[in-house]
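I opened the notebook to record what I looked up in this structure, one topic at a time.

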Amino acid sequence: MSAHSPIRVKTLTIDGRECGAREDQTILEVARENNIFIPTLCNLPGLSNAGACRLCIVEVKGVNKLLPACVTHVSEGMEVTVNSERLAKFRRGILELVFAERNHVCSVCVTNGHCDLQSMALTLGMTHVHFPYRYPRLPVDASHERFVVDHNRCILCSRCVRVCDEIEGAHTWDIMSRGVECRVITDLAQPWGQSESCTGCGKCVQVCPTGALSEKGKSVAEMSKRRQFLPYLTLMREGRR
Amino acid sequence: MTAAQTKVRLATVWLDGCSGCHMSLLDTDERLIALAQHVTVVWGPLVDAKEFPENVDVTLVEGAVSSEEDLHRIRLVRSRTKILVTLGDCAITGNVSAMRNNFGANAVLKRAYLENATLDAQIPRQVIPPLLAIARPVHEFVPVDVFVPGCPPPADLIFSVLGDLLAGKMPNPAAKFG
């Protein structure tokens, strides 16, 4: 931002607290700066926002629908509610649908104990899933030399798609089909091991919130993710621009 | 009132699980002795009774509902229990017991009784209860009052839940799945 276009400051309230923000900030960013917790799964600092998981939904006064905080920009005088009975109920419902949609068997998962989805269930107080589980039959692709994709554990957050495109610059990952048929794919839905664009950097594995992407040779509960590289890489690139 | 009448009538039920949740209950170790002064165990895998008794105060249920027998049993248990507690991930989510669901009961029977049998291979039609098409969590069949997650739930968690129930409080266990 040049000296000729000064940063405009907006003021808004979040759960009754007055907050100041830059006009280009999202509700989620401002909430985090003010230590106000909004649950997220698809968001990862250092990557763009996708609004995929909808856990960050908030109420904005004067708007009848709920808005995802990660992709909603602040405006002057905005009155935001991030904690209410209604929001807690909807967020739990969203989370339960995620669990019901695929086969998340925590006890035998490579990321048991290190999983964002598993810990979110605890954070949001999900005691059980009120919806009938779908138990879909989904493939596991272990064709890559070093990594595995297990579609049973994928929550379609698109972190892998974004890190591969935005940070690694390879765009090996994408999402295929619609609705319940959605699936993360490598190249043109070819086996990962045959992908010509994949550089084998493993960033997708590290940013994946669940056991959907893991390193080969890791057994139950052995796959913890290392994400320290991400803010560093993002910072270095911003500095170069 | 005699001492026996003031004691809490506790039952434990083992559906489609590995018995790990029951093992975890036993892992409360010497605290079980103190517990025994406040409860009477009226039903469980090691209790020699023919039928699930009436007027049970608390029943802990391990395992998913996997067979016709499980379904029959959980309905009877619910009708005779005041507070029904699902103990562990199989009872709450289906967990490992439900991993057969996406390839079907027949594939499981074929694998267990035909492909892996060395002598007189046949799928049993008597005594062994028929499997349901899919294994499901307990709350999909009967109302559940308390959910205690974990595979297995840690002994300390089970003990604190039982402690709350004995004190007349409704427990709200905060623990992770898996």
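Which residue of β7(A) does Asp141(A) stand opposite? I found that Asp141(A) stands opposite Val149(A).

**Conventions**

I am working with a predicted model, in which local features need pLDDT of at least 70 and side-chain atom pairs count only at pLDDT 80 or more, while totals for chains, interfaces and linings use all residues. Residues are numbered from 1 along each chain as its sequence is written, and chains are lettered from A and ligands numbered from 1 in the order in which they are written.

**Strand β7 of chain A**

I took helices (H or I, at least four residues) and strands (E, at least two) as DSSP runs numbered from the N terminus, and I counted two strands as paired if DSSP finds at least two bridges between them. Strand β6 (residues 140–141) of chain A pairs with β7(A) in the antiparallel sense over 2 bridges, and a hairpin of 5 residues joins β6(A) to β7(A). β7(A) also pairs with strand β10 (residues 213–215) of chain A, again antiparallel, over 3 bridges, and there Val148(A) stands opposite Ser214(A).

I then looked at where the side chains of β7(A) (residues 147–150) go: Phe147(A) and Val149(A) point one way, Val148(A) and Asp150(A) point the other way, and all are buried. Buried here is a count, with 20 or more other C-beta atoms within 10 Å of the residue's own, the C-beta atoms being placed from the backbone. In a regular strand the side chains alternate between the two faces of the sheet.

**Helix α4 of chain A**

In α4(A) (residues 159–168) I noted Arg159(A), Cys160(A), Val161(A), Arg162(A), Val163(A) and Cys164(A) as buried. The buried residues of α4(A) pack against β8 (173–176), β9 (183–186), α5 (203–207) and β10 of chain A. Contact means that the C-beta atoms of two residues, placed from the backbone, lie within 7 Å. Gly169(A) follows α4(A), and its phi is positive, near 80°.

**Sheet and domains of chain A**

I traced an open sheet of 5 strands in chain A, ordered β2-β1-β5-β3-β4 with mixed pairing. β2 (17–22) and β4 (67–68) of chain A stand at the edges with a single partner strand each, so one side of each is left without a neighbour in the sheet. Inside that order, β1 (residues 9–14) and β5 (residues 79–81) of chain A run parallel and are joined by 2 bridges, with Thr13(A) opposite Glu79(A).

The domain assignment, whose bounds come from an automatic or database source, gives chain A domain 1 (9–83) and domain 2 (107–240). Between these domains, 11 residues of domain 1 of chain A are in contact with 18 residues of domain 2 of chain A. The domain 1 side of this contact divides into 9 nonpolar, 2 polar and no charged residues, where Ala, Val, Leu, Ile, Met, Phe, Trp, Tyr, Cys and Pro count as nonpolar, Asp, Glu, Lys and Arg as charged, and the others, Gly among them, as polar. The centres of the two domains, taken over C-alpha atoms, are 25 Å apart.

**Chain B**

Which residues of α7(B) are buried? I listed Leu157(B), Ile158(B), Val161(B), Leu162(B) and Leu165(B).

Of the 7 residues of β3(B), 6 are buried. β3(B) pairs in the parallel sense with strand β1 (residues 8–14) of chain B over 5 bridges and with β5(B) over 6 bridges.

In the loop between β7 and α7 of chain B I found Pro152(B), which is buried, with 25 other C-beta atoms within 10 Å. Pro152(B) touches Gly20(B), Cys21(B), Met23(B), Ser24(B) and Gly88(B), leaving out residues up to four places away in sequence.

**Between the chains**

Last, I looked at the contact between the chains, which takes 21 residues from chain B and 20 residues from chain A. On the side of chain B that touches chain A, helix α5 (residues 89–93) of chain B gives the most, with 3 residues, and by class that side has 11 nonpolar, 7 polar and 3 charged residues.

Notes. A residue is buried if 20 or more other C-beta atoms lie within 10 Å of its own, exposed if 12 or fewer, and partly exposed in between; C-beta atoms are placed from the backbone.
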